[in-house]
Amino acid sequence: MLGGARAWAVWAVGLSAYVVAVLHRTSLGVAGLDAQVRFDIGAGALASFAVLQLLVYAALQVPVGLLLDRFGSMRLVVGGALVMAAGQALMAFSDGITGAVLARVLVGAGDAMTFISVLRIVPQWFPARRVPVVSQLTGLAGQLGQVLSAVPLALLLAGPGWSAAFVSASAAGVFVAIVALVALHDTPQRRVNSGEAVTLRQLGSDLAGAWRHPGTRLGLWTHFTAQFPGTVFALVWGYPFLLAGEGVSRGTASALLTLFVLTGMAAGPVVGVLVQRHPLRRSWLALGVIGANALGWGLVIAWPGRAPLAVLVVLVLALSLGGPGSMIGFEFARTFNPPSRLGTATGIVNIGGFVASLVAILLVGLILDARTGGQATYDIVDFKIAMSVQYAIGAIGLIGILRTRKLARRRLADEQGVIIRPLREVFAEKGWFSGDRTGEH
């Protein structure tokens, strides 16, 4: 039966691979200041590492989605784990820029294979009514990997050092690859669920069909706008902002990043239940999350000087909602596309948040370099000015959401043969009020 103990066990295997993928993804954020010293680079160069990683991730989403529809989840999860492990092993012993760049390319490539492959397992193993909640759990429980980077990895960096920290991360990747190879199953019926061989023409048709549907693009813009503030904070600039900008200790910074993860994990199931119970209000829920992100940063940026710890906690709580909010984008992809092109549509949606993140990360780094002349001597004003660039990116995403939401509603109405008219006209036709203001109810 779908959703039984076996389903949860298979999901846990996939989830463990995603947890380690998030550890790899966010390791550079915790090691950012150490990387600047090790490679003798400024903020812009450090940002370029993360941007390159995210660029590879985003560029591979559609090809990986097509491969996922063809070859199934298990193969891609195992391959992704091994590629990321190789990248972290290379980073452990790199002393120059070239090796570090190649290492982050490998991490981005392996990371690209993981999340949407694990997400694809969920509708195969759970009944439809549970899919929104389990999908949220997948996205948010996976963020435990960020706790692994914020605490154990940070302790290894501060103690045994750079090489020991990244070798340990590489070993974790190899371990989950072995576990996935042994225990992961694509469907209850098949360990490997390969799709039919398709031609380039069919691949192009699936890609075009997914993109043309405004529901897919609504998912992309939702993911674009809701995800990037939290990703920018967790992946690269949160740790330096807290240490160099706000002047908190390493322990406090790690605690705030842990709070970020745990709050997001708690919020994820709540968002999933709300999406399940109110599917026609999904976009409003996403807009609420986006508003919370904007208000959180607005409070910190407007605060005179360094913000007190309580205000930083508010910021972290607001940003932690971005992950659950961005997952709503995948629900749009799932409900607006047939199963045969779900991997493709999911890949398109997943591009959104990471494109926004890489642009924001790069702009923040360039602004910091411009203000400090490339020296790692930041103060709180530098960070406030740099972080403000996120509002411009958020505005672009908000316009995209509002536009594609209107198009998706119109497309849905056309498909269902529904004529949408103002309620006033419907009420007047039925004689529920006469039309003058005194007769309205």
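This is a predicted model: local features need pLDDT of at least 70, side-chain atom pairs count only at pLDDT 80 or more; totals for chains, interfaces and linings use all residues.
**Figure 1. Helix H9 (residues 162-183) contributes four residues, the largest share, to a nonpolar patch.**

**Figure 2. Helix H1 (residues 5-30) packs against helix H2 (residues 32-39).** Two packed helices are described by the angle between their axes and by the distance separating those axes. For H1 and H2, the angle is about 70 degrees and the axes are 5 Å apart. H1 is therefore roughly perpendicular to H2, since angles of 65 to 115 degrees are assigned to that class.

**Figure 3. Residues at the contact of H1 with H2.** On the H1 side, the view shows Leu28, Gly29 and Val30. These residues meet Gly32, Asp34 and Ala35 of H2.

**Figure 4. A salt bridge joins Asp111 and Arg25.** Side chains of opposite charge can pair when their charged atoms come close. In the pair formed by Asp111 and Arg25, the closest N and O atoms are 2.6 Å apart. Asp111 belongs to helix H6 (residues 97-125) and Arg25 to helix H1, so that the pair links distant parts of the chain, 86 residues apart. A search of the whole structure identifies four salt bridges, one of them being that between Asp111 and Arg25.

Methods: Residues are numbered from 1 along each chain as its sequence is written. Side-chain values use heavy atoms; hydrogens and water are left out. Axes are lines fitted to C-alpha atoms, for helices over the stretch in contact, and angles run from 0 to 180 degrees between N-to-C directions. Helices (H or I, at least four residues) and strands (E, at least two) are DSSP runs, numbered from the N terminus. Angles under 35 degrees count as roughly parallel, over 145 as roughly antiparallel, 65 to 115 as roughly perpendicular and the rest as oblique. Contact means heavy atoms within 4.5 Å. A salt bridge is a side-chain nitrogen of Lys or Arg within 4 Å of a carboxyl oxygen of Asp or Glu.
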